Amino acid sequence: MELDYLASVLVSSLSSASILLIATIGLAVVFGLMGVINLAHGEFLMIGAYSALTVTQLGLPYVLSIPVAVLVTMAIGAIVEVLIISRLYGRIFDTMLATWGLSMVLYQLAVLIFGTVSPGIGMPQYNIQIGDYNLAGYPLLMIVVAIAMLVFVYLLMTKTIYGMKARASIQEPEMAQAIGIDSTRTNTLTFAVGCGLAGFAGAVLLPIVPATPSMGFAFVIKSFLTVVVAGPVTLTGSALAAIGLGGGSSITASFMTSVAGDVFFFLVTAIILWLYPLGISAKWRHKL
Amino acid sequence: MNKNKIIGSILLASSLLVTTAHADIKIGAIFDLTGGLNIYGIQQNNALNLAVENINNNGGLLGDTLVVKSYDSQSELSKYTQYAKTSVLRDGISAMFAGLTSSSREAIRPIFRKANIPYFYSSLYEGGACDKQTFVTGSSASQQLSVLIKWAVEKYGPRIYVMAPDYNFGTISAYWIKKYAADNGAEVVGQDFLALTVTDYSPTLQKIQAAKPDFVVALPVGANQTGFLEQFAATGLKDKIGVVSTNYGSGNQQVVVSPEAGKGLIASQGYFMSVNSPENTEFTKKWVAKYGSEIPIVSGAVDVWNAVHIWAAAVKEAGTAESTPVIAALESGISFKAPNGIVTIEGGSHHLRQNIYIAEGNDQHGFNIIKTFEDVAPSYENEKCDLVSNPKLVKHFTP
């Protein structure tokens with residue numbers, strides 16, 4: 001095997017892992033911090049993608065469309081939390097059913113509003129070369145974006161007053177209320193943040209994955225498994241799981257077939273969950 | 001309620017039943033109007049309604065009005081079988097038009113076989129379905145690939161890479177690509193089968209570069225897989241390696257793909273909206289008047305339009321809508337002046353002889369037709385399946 005192929009495979013698998021991580025972080029916040037299994041996570045990605053697409057079509061530069069997408073998904077996330085999720089805290093299966101239903105509603109709404117096909121925005125035609133091999137530039141940029149997202153969420157949850165309130169409201173809701181934290185509002189905000197991160201992912205991945213009503217399905221399974229493998233230490237765990245599972249399956253796919261890559265992903269997930277039923281971070285001392 | 005009233009209403013109801021039975025010919029339609037496959041199903045259903053309207057506006061069929069019993073299969077297989085049974089047992093249909101995926105066709109085919117009702121399957125597919133009651137108006141994989149691979153080897157060169165979805169459409173297409181490559185002195189230097197949920201194609205792109213092909217046969221299914229074409233172009237491979245496909249555009253992927261990635265892609269199908277013929281002009285005019293021009297018409301829609309008209313022609317020829325004479329009329333080799341050229345039912349295989357077009361993606365989310373292969377026969381199906389001499393044959397042939 002030539003060295004340049006090896007190098008290009010390593011770099012591209014890192015970008016594959018980053019794409020998975022970007023799609024996962026929002027779910028990690030909602031599931032990891034709040035214990036809510038949001039099966040409509042993929043649809044929030046889709047909402048983010050369509051928001052960014054619509055704004056770009058109206059003439060705004062693509063970069064400015066990303067914050068708009070985040071705001072739109074946060075707003076919808078907040079409404080969903082107040083109307084549905086807040087009534088179902090602690091009822092994990094009911095939440096799954098409700099969010100699954102929600103995902104179908106959001107999907108069909110997208111079909112009704114945008115139709116089944118919308119023009120994509122295309123990827124920047126920029127690429128780098130490693131030996132004989134070309135790599136598209138934009139997916140590589142996702143490595144930086146994933147790191148930035150991780151740092152942002154880490155700082156948000158550990159260094160800000162909101163972050164402390166958010167963790168307190170979930171971990172000790174009664175104590176949090178006793179010391180004057182409005183835990184209802186904090187939970188709404190945390191769910192909205194998770195949805196906003198999904199919206200960000202949909203918008204930032206738009207050049208790679210065109211906006212379609214069904215795009216959520218492609219992400220939700222792998223994102224969800226990544227979070228489950230990660231376990232209670234949400235952020236670090238998800239980053240490691242994404243690199244291991246996403247990167248590993250990408251390398252497997254490069255040397256064997258894409259089907260083998262998928263088999264790697266699901267097989268390794270099954271083995272890890274068999275060995276560590278509570279996720280890889282079950283015994284870590286970190287909190288995030 | 002007194003006795004007279006009851007008798008009266010029974011008489012009234014039965015007289016209503018009698019009149020409807022005489023004035024209408026019912027046909028069934030099961031398409032995916034909601035769910036993940038409605039990208040195709042809505043257009044198929046639109047085409048069916050347009051065709052029925054067209055026939056009714058021209059005096060109906062044998063003096064009767066055509067009535068559609070329409071069902072939404074919601075992109076779910078169980079709904080197909082459920083509605084297929086309902087249409088047979090309750091609605092009393094004379095013909096069925098349904099299905100997009102091969103699995104949906106295989107799920108309902110036995111129901112119409114048992115009921116002896118002609119069933120029309122209208123989508124491009126991997127080929128090989130063979131059943132007395134089943135008629136296929138889409139093109140088969142071998143029908144499209146036989147002309148496309150020959151053309152592409154001449155245009156680009158002999159080294160071929162195959163990127164295909166990981167189910168029978170992809171694997172059977174890959175078989176035909178290998179065969180036609182060998183027939184034309186070319187070879188398949190690599191292939192990758194991908195799950196439908198894959199969104200990140202960088203491993204495939206690395207393997208394509210390692211295999212150094214002259215062209216890639218890309219068979220992306222659904223809108224998710226259009227990401228492959230974006231990533232292919234952004235990696236800078238489009239100028240060095242050609243891309244051809246038998247299904248690109250079948251779900252209007254050219255609308256989703258950006259002009260930078262879509263320009264120069266080669267697609268081959270039995271119909272493109274840009275086909276230049278008086279029949280197509282008339283058809284698109286009717287379509288646009290009813291459904292607008294926002295979304296281009298896909299080949300699956302024209303396949304349904306053709307199916308309804310071919311069935312109607314068979315009913316006229318048979319002088320009745322009853323199944324056995326209609327199937328016999330269909331097997332006599334009915335031709336129809338379709339939007340995509342003259343199409344003819346092959347009596348033995350129940351597949352269509354039809355034009356296969358090769359088109360090049362332009363920078364306006366559309367196609368320019370660059371070559372037309374006229375009256376291409378479904379040769380694999382003709383070779384394997386002869387329902388005239390062997391009417392009891394029921395098989396899905398795979399190479």
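Reply: Let us begin with a term we shall need: a residue is called buried if 20 or more other C-beta atoms lie within 10 Å of its own. Please also keep in mind that this is a predicted model.

Me: Which strands pair with β9(B), and in what sense?
Reply: Strand β7 of chain B, residues 159-165, pairs with β9(B) in the parallel sense over 4 bridges, and Ile160(B) stands opposite Phe215(B). Strand β10 of chain B, residues 242-245, also pairs with β9(B) in the parallel sense, over 3 bridges, and there Val244(B) is the bridge partner of Val217(B).

Me: Switching to the domains, how is chain B divided?
Reply: Domain 1 of chain B takes in 5-138, 277-290 and 299-340, and domain 2 takes in 142-269. Their C-alpha centres lie 33 Å apart, and 9 residues of domain 1 are in contact with 12 residues of domain 2.

Me: Which elements of domain 1 are on that side?
Reply: The elements giving two or more residues to the side of domain 1 that touches domain 2 are α2 and α12 (299-318) of chain B. By class, that side has 4 nonpolar, 4 polar and 1 charged residues.

Me: And how many residues does each chain bring to the contact between A and B?
Reply: Chain B brings 41 residues and chain A brings 44 residues. On the chain B side, the largest share, 7 residues, comes from α7(B), and by class that side has 17 nonpolar, 18 polar and 6 charged residues.

Me: Now helix α11 of chain A, which residues are buried there?
Reply: They are Ser258(A), Gly261(A), Phe265(A) and Ile272(A). Seen down the axis of α11(A), these buried residues fall within an arc of 55°, so they line one face of the helix. On the other side of α11(A), Ala270(A), Ile271(A), Trp274(A) and Leu275(A) are exposed.

Me: What covers the buried residues of α11(A)?
Reply: The cover includes α9 (215-230) and α10 (234-255) of chain A, together with β8 and α7 of chain B.

Me: Last one, what span should α11(A) have?
Reply: At 1.5 Å a residue, its 18 residues, 258-275, should span 26 Å, and the end C-alpha atoms of α11(A) are 26 Å apart, which agrees.

Technical notes: Residues are numbered from 1 along each chain as its sequence is written. Chains are lettered from A and ligands numbered from 1 in the order in which they are written. This is a predicted model: local features need pLDDT of at least 70, side-chain atom pairs count only at pLDDT 80 or more; totals for chains, interfaces and linings use all residues. Two residues are in contact if their C-beta atoms, placed from the backbone, lie within 7 Å. Ala, Val, Leu, Ile, Met, Phe, Trp, Tyr, Cys and Pro count as nonpolar, Asp, Glu, Lys and Arg as charged, and the others, Gly among them, as polar. Domain bounds come from an automatic or database domain assignment. Two strands pair if DSSP finds at least two bridges between them. The expected span of a helix is 1.5 Å times one less than its number of residues. A residue is buried if 20 or more other C-beta atoms lie within 10 Å of its own, exposed if 12 or fewer, and partly exposed in between; C-beta atoms are placed from the backbone. The arc is that of the directions from the helix axis to the C-beta atoms.
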